[in-house]
Amino acid sequence: MRIIEINLKEKYKFLGDEGRNPTITCYLPYNLAEMGRTDEMRPTMVVCPGGGYAHCSEREAEPIALKFLNWGFNAIVLNYSCAPHRYPVQLREVAAAFEEIYKNADEWHCDTGKIGIIGFSAGGHLAAHYSNAYNSGAVREVFPDSKKPSFSVLSYPVISAEEILDAHKGSFVNLLGEYPTGDEALKYSCEKLVSSDTPPTFIWHTAEDQVVPVKNSIVYASALADNKVPFSLRIYPYGVHGLSTVDHLTLDDDRLDAKTALAHQWLDDLKAWMDKTI
């Protein structure tokens, strides 16, 4: 396996403005020549860790990449800019990650028809936001041919900025510099951005999540249904926020009790969904 780290500001100078330093870490398995797979093209997953737009969580970065590597994917972890850096730089950094995948598709053995995006918590907001706004003016201003994800995976995502839905205010303050209200909040509420163009989506959450309430996932799934976008919504009964892989790779023993461990099923459920969807 090759592991390549790319400083996106070296490829796209404007991404380095105001001290930003977004990177992608590319985990690229070697094709098995002795099995006649030299020209095999792999699906690819772009990973957006959570962290409330304040930082990028290590637990939702490489450990997630390792899971997808085991499934035969290339995995691209995006270490995107966080506070004090504001919207729309995060969307543009996702677009840059997709640009690099397309530019290097042959060398990296990426099937460009199977490039997905997965996000956790605030990274789930970023993944959902980009999935619906990949062709927005804020992105197309700097990436005129910005690429649409083939599918998206949202893990206990921050979705809505509406207070009535118990919005995770800290994420939006970090993203925007202040909490949006009224019509302004709707611009960053991903459930309001869903259309028939939104890619197929897998969503998972826990009913016990008190940090980012499960209503975020429910309203997004409802919007997908209204727009006839294929989706799967899995709500597991137990577990606090930030479960990541729901195993000892990313959770300490005091957080991994028997009830919480039930949510580990999200990985099997996602794999089964992807096998049928992509």
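This is a predicted model: local features need pLDDT of at least 70, side-chain atom pairs count only at pLDDT 80 or more; totals for chains, interfaces and linings use all residues.
Residues are numbered from 1 along each chain as its sequence is written, and side-chain values use heavy atoms, with hydrogens and water left out.

Q: Why is Val 229 called buried?
A: Buried means under 20% relative accessible area, exposed over 50%, and partly exposed in between, with a 1.4 Å probe and protein chains only. Val 229 has a relative accessible area of 4%. Therefore Val 229 counts as buried.

Q: Where is Val 229 found, and between which elements?
A: Val 229 sits in the loop between H9 and E8. Helices (H or I, at least four residues) and strands (E, at least two) are DSSP runs, numbered from the N terminus.

Q: Which residues is Val 229 in contact with, leaving aside its neighbours within four places in sequence?
A: Contact means heavy atoms within 4.5 Å. With those neighbours set aside, Val 229 contacts Ser 195, Ser 196, Thr 198, Pro 199, Pro 200 and Leu 224. Ser 196 is 33 residues apart from Val 229 along the chain, and their C-alpha atoms are separated by 6.1 Å.

Q: What makes Lys 228 exposed rather than buried?
A: Lys 228 has 74% relative accessibility, so it counts as exposed. Lys 228 is in the loop between H9 and E8. Its phi is positive, about 55°, although Lys 228 is not a glycine.

Q: Is Glu 18 buried or exposed?
A: Glu 18 is exposed, because its relative accessible area is 68%. Glu 18 also has a positive phi, of about 60°, and is not a glycine. Its place is the loop between helix H1 (8-11) and E2.

Q: How do you know that the span of H9 agrees with what its residues should give?
A: The expected span of a helix is 1.5 Å times one less than its number of residues. H9 has twelve residues, which should span 16 Å, and its end C-alpha atoms are 16 Å apart, so the two agree.

Q: Why are the buried residues of H9 said to line one face of the helix?
A: The buried residues of H9 are Asn 216, Ser 217, Tyr 220, Ala 221, Ala 223 and Leu 224. Seen down the axis of H9, they fall within an arc of 155°, so they line one face. The arc is that of the directions from the helix axis to the C-beta atoms. An α-helix has 3.6 residues a turn, so residues three or four places apart point the same way. The buried residues of H9 pack against H5, E6, E7 and E8.

Q: What span does H10 reach, and what is expected?
A: Helix H10 (residues 265-277) has 13 residues. It reaches 18 Å from its first C-alpha to its last, close to the 18 Å expected at 1.5 Å a residue.

Q: Why do the buried residues of H10 line one face?
A: In H10, Trp 266, Leu 267, Asp 269, Leu 270, Trp 273 and Met 274 are buried. Down the axis of H10, its buried residues fall within an arc of 165°, so they line one face of the helix. The face turned away from the buried side carries the exposed residues Asp 275 and Lys 276.

Q: What makes H3 roughly perpendicular to H5?
A: H3 and H5 pack at an angle of about 75°, with their axes 10 Å apart. Axes are lines fitted to C-alpha atoms, for helices over the stretch in contact, and angles run from 0 to 180 degrees between N-to-C directions. Angles under 35 degrees count as roughly parallel, over 145 as roughly antiparallel, 65 to 115 as roughly perpendicular and the rest as oblique. Therefore H3 is roughly perpendicular to H5. The contact is made by Gln 90, Leu 91, Val 94, Ala 95 and Phe 98 of H3 with Leu 126, His 129, Tyr 130 and Ala 133 of H5.

Q: What is the largest nonpolar core, and which residues have the most contacts inside it?
A: A nonpolar core is a set of buried Ala, Val, Leu, Ile, Met, Phe, Trp, Tyr and Cys residues joined through side-chain atoms within 4.5 Å. The largest has 47 residues, and those with the most contacts inside it are Leu 8, Ile 24, Ile 76, Tyr 80, Val 94, Trp 108 and Tyr 220. H3 gives the most to this core, with seven residues. Another core, of 29 residues, lies apart from it and includes Val 153, Tyr 156, Tyr 236 and Ala 263.
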